[in-house]
Amino acid sequence: MPGTPPTRFVFLGPEGTFAEQALRTIPAAERGSRTPARSVPEALDAVRAGDADAALVPLENSIGGAVAVTLDEMVDGEPLVITREVVLPVEFVLAAPAGRSLAEVHTVAAHPQASTQCRRWLREHLPDAVVVDVLSNAAAAAAAANGEQDAAVCAPISAGRQRLATLADKIADHDDAVTRFVLLSRPGPPPPRTGDDLTSLAVYIAHDRVGALLAVLMELAVRGVNLTRIESRPTGEALGRYAFFLDCTGHVADDRVGEALQGLRRICAEVRFLGSYPRHRGTTAMAERPVPAPAGLSDGDYADAAAWLSRLRTGELA
């Protein structure tokens, strides 16, 4: 039923990964059921089929960029909408069975993205160790725990699950790296606006029109809707045909955002609404402060202008 809080959650597995760690920051997911999926498509298909209420999947990483499969899956098949985002710091540890020292590490299990993000540390501290690629952070920890490899580069949650000792923590080359996850559900009323929200869209422009992408951006800019992210993905129709994924400040219930969406609907070949939801709030006061609407573009300003136009049309103003 629309508006019913989700209780059945699916996430990009396996267990013991950053995705599970991110999901468990959501109180409803901590109380509900959590099922790992083998892939992003499998996770989203479980929601579409009604086997789960919501799916948490990675959308982008501050080092590696957008997760292409997630973008593609959000516009392929029955619509899903984002209801929440979780931005999680990406912290890697070097973990090994208890009693093993750093000098005894000759092989290291790691997911390719993990070893890439820890390349400098591994080169400086384990220059002669062989890095063995595995399918996930959880698989890396399991390989170290069962003796297949001497140690693992993995998430702290993976090390804890396998009861490994931490030989070194915070070994990522970029200590401020984060991954942004999104929670997707079947379409329904969006979460109430908070005053500090994001709206996500996928737009398909008319390729035979000069300045089509500029026209899209202008629909947002003239209404003071800030574009926080734009990403292009090929549509698969032909070389040079792209869909553009946009994240904008504001909520679909905001007058300025609603008017911008109407404008995009008029000029684009297709617009897919991907959700309005609260922006992830950081730990600093500045990060948690809602961004005010530009002068003349608040909901009150829109209401005043609409009332003025109505009076003009009815002859109440000379």
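# Briefing: sheets, cores and single residues in a predicted model

In strand β14, L246 is the bridge partner of I230. The two strands involved, β13 and β14, run antiparallel and are joined by seven bridges. The model is predicted.

**The four-stranded sheet**

- Strands β13, β14, β12 and β15 form an open sheet in that order, and the pairing is antiparallel.
- The edges are taken by β13 (227–234) and β15 (270–278); each has a single partner strand, so one side of each has no neighbour in the sheet.
- On average, neighbouring strands of this sheet are turned by 15° against each other, with direction ignored.
- Helix α10 lies across β12 (197–204), β14 and β15, and its direction is at about 5° to that of β12.
- Strands of a sheet pair through backbone hydrogen bonds, in either a parallel or an antiparallel sense.

**The five-stranded sheet**

- Another open sheet has five strands in the order β8-β7-β9-β6-β10, and its pairing is mixed.
- Here β8 (130–133) and β10 stand at the edges with a single partner strand each, so one side of each is left without a neighbour in the sheet.
- From one strand to the next, the twist averages 35°.
- Within this order, β7 (residues 107–110) and β9 (residues 151–154) pair in the parallel sense over two bridges.
- A109 has A152 in β9 as its bridge partner.
- Helix α7 (residues 137–145) lies across β6 (93–96), β7 and β9, and runs at about 165° to β9.

**An annotated span**

- UniProt lists residues 8–186 as "domain: Prephenate dehydratase", in an unreviewed entry.
- This span is 31% helix and 32% strand, and its end C-alpha atoms lie 13 Å apart.

**Nonpolar cores**

- The largest nonpolar core has 35 residues, of which L56, F92, L94 and V153 touch the most other members.
- Helix α1 gives the largest share of this core, four residues.
- Beyond its neighbours within four places in sequence, L56 is in contact with several residues, among them V10, F11, L12, A19, A22, L23 and I26.
- The contacts of L56 also include V86, F181, V182 and L183.
- In soluble globular proteins, nonpolar side chains tend to be buried together.

**The aromatic pair**

- How many aromatic pairs are there? The count comes to one.
- F18 and F92 form this pair in an edge-to-face arrangement, with 5.3 Å from centre to centre and 85° between the planes.
- The pair links distant parts of the chain, 74 residues apart: F18 is in helix α1, and F92 is in the loop between β5 (81–89) and β6.
- Both F18 and F92 are buried.
- F92 is also one of the residues that touch the most other members of the largest nonpolar core.

**Backbone features in loops**

- The peptide bond that joins G13 and P14 is cis, with omega about 5°.
- P14 is placed in the loop between β1 (8–12) and α1 (18–23).
- R163 is not a glycine, yet its phi is positive, at about 55°.
- The loop that holds R163 runs between α8 (156–161) and β10 (165–168).
- K170 is also a residue other than glycine with a positive phi, near 50°.
- K170 lies in the loop between β10 and β11 (178–185).
- Are these two residues buried or exposed? R163 counts as exposed, at 77% relative accessibility, and K170 is exposed with a relative accessible area of 56%.

**Two further residues**

- D254 is in the loop between β14 (242–249) and α10 (255–267).
- With a relative accessible area of 13%, D254 is buried, because buried means under 20%.
- W308 is part of helix α12 (residues 299–314).
- W308 counts as partly exposed, at 45% relative accessibility.
- From C-alpha to C-alpha, W308 and T249 are 27 Å apart in space, and they are 59 residues apart in sequence.

Note on methods:
Residues are numbered from 1 along each chain as its sequence is written. This is a predicted model: local features need pLDDT of at least 70, side-chain atom pairs count only at pLDDT 80 or more; totals for chains, interfaces and linings use all residues. Side-chain values use heavy atoms; hydrogens and water are left out. Buried means under 20% relative accessible area, exposed over 50%, partly exposed in between (1.4 Å probe, protein chains only). Two strands pair if DSSP finds at least two bridges between them. Axes are lines fitted to C-alpha atoms, for helices over the stretch in contact, and angles run from 0 to 180 degrees between N-to-C directions. Contact means heavy atoms within 4.5 Å. Rings of Phe, Tyr and Trp (its six-membered ring) pair if their centres lie within 6.5 Å; planes under 30 degrees apart count as stacked, over 60 as edge-to-face and the rest as tilted. UniProt positions are given in the numbering used here, feature names are shortened, and annotations may be inferred rather than shown by experiment. A nonpolar core is a set of buried Ala, Val, Leu, Ile, Met, Phe, Trp, Tyr and Cys residues joined through side-chain atoms within 4.5 Å.
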